[in-house]
Number of protein chains: 2
Amino acid sequence: MGYPLQTFEELKLDESATPLLAEFTDAIGEEYVLSKDEDKVPYLTDWGKRFKGNALAVLRPKNTSEVAALIKICKHHRVPIVPQGGNTGLCGGATPDASGRAVVICLRRLNQIKALDLENATITVGAGAVLKHVQEAAVLKNRLFPLSLAAEGSCTIGGNLATNAGGVQVLRYGNMRDLTLGLEVVTANGEIWNGLRGLRKDNTGYSLKDLFIGSEGTLGIITAATLKVFPLPRTKLTVLVKVTDVASSIALLQQVQKVCSADLTAFELISNRAIELVSDRFVLAQQLLQDQSDWLVLIELSSMDSEDKVRLDLQNLLMDAMDSKLVLDGIVADSIQQSKAMWGIRETIPEAQLQLGNVIKHDISLPISELSDFIQTTNARLKESWPDIEIIVFGHVGDGNLHYNIVGINLEVSTLLENRRSQINQLVHDQVYLHNGSFSAEHGIGQAKVTELTERKSSVEMALMRAIKKGLDPLCIMNPNKVILRDPD
Amino acid sequence: MGYPLQTFEELKLDESATPLLAEFTDAIGEEYVLSKDEDKVPYLTDWGKRFKGNALAVLRPKNTSEVAALIKICKHHRVPIVPQGGNTGLCGGATPDASGRAVVICLRRLNQIKALDLENATITVGAGAVLKHVQEAAVLKNRLFPLSLAAEGSCTIGGNLATNAGGVQVLRYGNMRDLTLGLEVVTANGEIWNGLRGLRKDNTGYSLKDLFIGSEGTLGIITAATLKVFPLPRTKLTVLVKVTDVASSIALLQQVQKVCSADLTAFELISNRAIELVSDRFVLAQQLLQDQSDWLVLIELSSMDSEDKVRLDLQNLLMDAMDSKLVLDGIVADSIQQSKAMWGIRETIPEAQLQLGNVIKHDISLPISELSDFIQTTNARLKESWPDIEIIVFGHVGDGNLHYNIVGINLEVSTLLENRRSQINQLVHDQVYLHNGSFSAEHGIGQAKVTELTERKSSVEMALMRAIKKGLDPLCIMNPNKVILRDPD
């Protein structure tokens, strides 16, 4: 059954690396071929220091042609390639393995903002452009590039594309795939595919763009992209409301969408336990949090209407929701400061959580209709098995994405937690699958989840993915053992 | 250069078809294996009678398992398969070739509305469900399934997916790919891939869904899909305005988007010549059309706000636009009847055009910033070469999609037109490429444009597409010679 799974061709490396390094130097200049240990170090471990690896060299090409030249050399010598952007990934997708046979190709010098076409509402940028710089380039022309996530000050567009990044505004604007109209890619053959189209309708053959996006550098290297921009919203309004349970938050989501439609740009659920973690730092959270069993919802609207109009609509909506006991209490931000304080509660949770010691994180998504039952069932099962753990839940509920994290409050539990990691993961992800969800909503697979991917996906789906990998990267030099494991030799 | 292009395996067919038909009958029942000429006829030509073919049999399975059983039989005997839905395609993608060696697999019996999940805002349907029935099932629960196109009364969801259908509301809701969260597909191996997920974030490996969508049945058969639904808009408002030229319409588009954001659901441009075709039937068009050089724009807003509010916003916007001479005149529909009359103008053009005789149609898209220059340049070049032709332009300008059609008004020209077809296509598509556009925006490739696809796409892009085709359909039994030509034997 499935497609025949032949062994990928064995990697061959010359005895001595010296001639290879000379070829790299000829292609991109000595300054940009880093082969000394101290130069390579920052590229050999991920941002969270969870994954460590080694590499023959770190290569820093300046443009697409140089990337193509490097891939051709690597292909000739069967050298594995690990593409890297801002190195802020959470699954080790940009960290090489320990063998030291791979090269890291760092794309950060391809950081040009190439064009901003106001009429077409598109921006074309190099893969190495930092997300924040792209946002800023758009704002300078009164446009919004809506992708927004914690690492935006250092992550790159290439990494955002490779992992199909999500973040807080997916509800309105979609994820990175939805925001992308065209790509430039260097294939595993070292050829340049110019697919930098700025078209909203183009049905000419297979959607290669959608295939490269989210493939985590395993099919080729994305070197540039044409992305959508939007008019800047005139009004932004943030609201923090208290609800009794997850089901109420979902019912509220339906009501807000019915009234506000596409103006709803964020709908974040925060569990009582998560709020407690940060309540000492936020008066607002204290103010709302009287009953320990309550949950908070952070809502953000972005509108072309006047602030008065949006505020009035929202106040009416909240009054109706309070009348029907869906919402217990709520605060509409009356200044940018208060809005920032509300987002502060949400954004401080990951940091506060870390201070408790070990954290077992799950980046999951579920059909919105399954969220309440999933949380209830999974909380109960975890507590049954390990009564001493704490469960911290928060996330982008508007698109079904939960950060479902387990912590141990006291030191002993925190230490114990590590031993329980695989059992806890198993229990949580089993429940995710029973509720038709995904065990990787926005962080991708990398090396962290590659074994689990193989176990969780059907053999039919894995066979389709392997057929694509083998078709586009027959020598398996593109980020091997990320997303898809190499066949055993 | 490129990937090695080996010859797809040669098709082999038993000398006699009888044992093969017996196998099909065993799999799905005699009643659903149509092998008599009179039974097959409706499936062997397309809706527009432009393409004619032949087939060994037409097979009408009732569910996914039966589709899988049929593909396994076809695979074993190397019988080419042509999947077919409502048979309303415009490029012959669902019409078999003349050899009579293929079977048509008609999906229309897989027409169940399987589930409507209100909380998750998704509807799950069989590939054979008629688009109109899906729209109606959503409306029954106060939801909107926004895909809307001329053939909606007979086209099927499977065909919409296979061709990544577009239509008039892409501006707000996206095309079929954007509207789809999950798919069920039977692979070219006859295996069932259950990817019917209702998730808005799921980064677990390659996006197979996006690859199958738009692949026109050449990689597998889509048997079911989970699609997005939206709250029904409270207010719909239609406006018809007159502008002097294409550039003004683009400037107006920017202004409407700035004020109305996602509430803008349609922005259709209609050239003066196109309006003339239908003006005798529409008082409104006559009323607005005094100067023959003017163009019309049909705008539709869908909003959760009250009609009064939307009307006021729009009137203010139009007054500003008239003050700045961007808009010459305009009518805001004050009844559903008037709104229908406005859409009537737009929707009657294709029919009116046909009555003029031969029509050479182009379904093209361009970056919005290139539209004006493209139309000016291409009109001028065409008129230079063939002064006796007429150019009819209309389309979904909000997403850069034009229907750019050439007609000959008198009989002689109409006859002559046929002889000039390839030269005219060449000229128009050359201009499309010079302006970074696409020569197939929403109709796909099928057999009509397969040769041109090969000529227009870069060898790198074609090699990537061929590698995927060979990886997923190594025997080339799935809709051969559609989208991608088989290698010469």
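In what order do the strands of the five-stranded open sheet of chain A come? Hold that thought for a moment, everyone, while I say what we are looking at. This is a predicted model, in which local features need pLDDT of at least 70 and side-chain atom pairs count only at pLDDT 80 or more, while totals for chains, interfaces and linings use all residues. Residues are numbered from 1 along each chain as its sequence is written, chains are lettered from A and ligands numbered from 1 in the order in which they are written, and side-chain values use heavy atoms, with hydrogens and water left out.

Back to the question. The order is E5-E6-E10-E8-E9, and the pairing is antiparallel. Helices (H or I, at least four residues) and strands (E, at least two) are DSSP runs, numbered from the N terminus, and two strands pair if DSSP finds at least two bridges between them. At the edges stand strand E5 (113-117) and strand E9 (192-195) of chain A, each with a single partner strand, so one side of each has no neighbour in the sheet. On average, neighbouring strands here are turned by 15° against each other, direction ignored; axes are lines fitted to C-alpha atoms, for helices over the stretch in contact, and angles run from 0 to 180 degrees between N-to-C directions.

Let's look along one pair. Strand E8 (residues 180-187) of chain A joins E9(A) through four bridges in the antiparallel sense, and A:Leu183 stands opposite A:Gly195 in E9(A). Helix H4 (residues 131-140) of chain A packs on this sheet, touching E5 and strand E6 (122-126) of chain A, with a direction about 35° from that of E5(A). The other chain takes part too: H16(B) packs on the sheet and touches E8 and E9 of chain A, its direction making about 95° with that of E9(A).

That takes us to the interface. Here 86 residues of chain B are in contact (heavy atoms within 4.5 Å) with 86 residues of chain A. The two chains bury about 6,800 Å² between them, 55% of it on carbon and sulfur atoms; buried area is the accessible area (1.4 Å probe) that two parts lose on being put together, summed over both. In chain B, the residues losing the most area to chain A are B:Lys201, B:Asn203 and B:Tyr206, together 16% of what that side buries.

How many salt bridges cross the interface of chain B and chain A? The rule, a side-chain nitrogen of Lys or Arg within 4 Å of a carboxyl oxygen of Asp or Glu, finds 10 of them. One salt bridge links B:Glu461 and A:Arg197, with the closest N and O atoms 2.5 Å apart. The largest share of the side of chain B that touches chain A comes from H16(B), with nine residues.

Chain A has another open sheet, this one with four strands in the order E1-E2-E4-E3 and mixed pairing. Its edge strands are strand E1 (33-34) and strand E3 (81-84) of chain A, each pairing on one side only. E3(A) and strand E4 (residues 103-106) of chain A run parallel, joined by four bridges, and A:Gln84 stands opposite A:Cys106 in E4(A). Helix H3 (residues 64-77) of chain A lies across strand E2 (57-59), E3 and E4 of chain A, at about 165° to E4(A).

In the loop between E3 and E4 of chain A you will find A:Ala94. Apart from neighbours within four places in sequence, its contacts include A:Tyr43, A:Val82 and A:Gln84.

Last stop: the whole structure has 48 salt bridges over all chains. Among them, A:Glu268 pairs with A:Arg346, the closest N and O atoms being 2.6 Å apart. A:Glu268 lies in strand E13 (residues 264-270) of chain A and A:Arg346 in helix H13 (residues 336-354) of chain A, so this pair ties together parts 78 residues apart in sequence.
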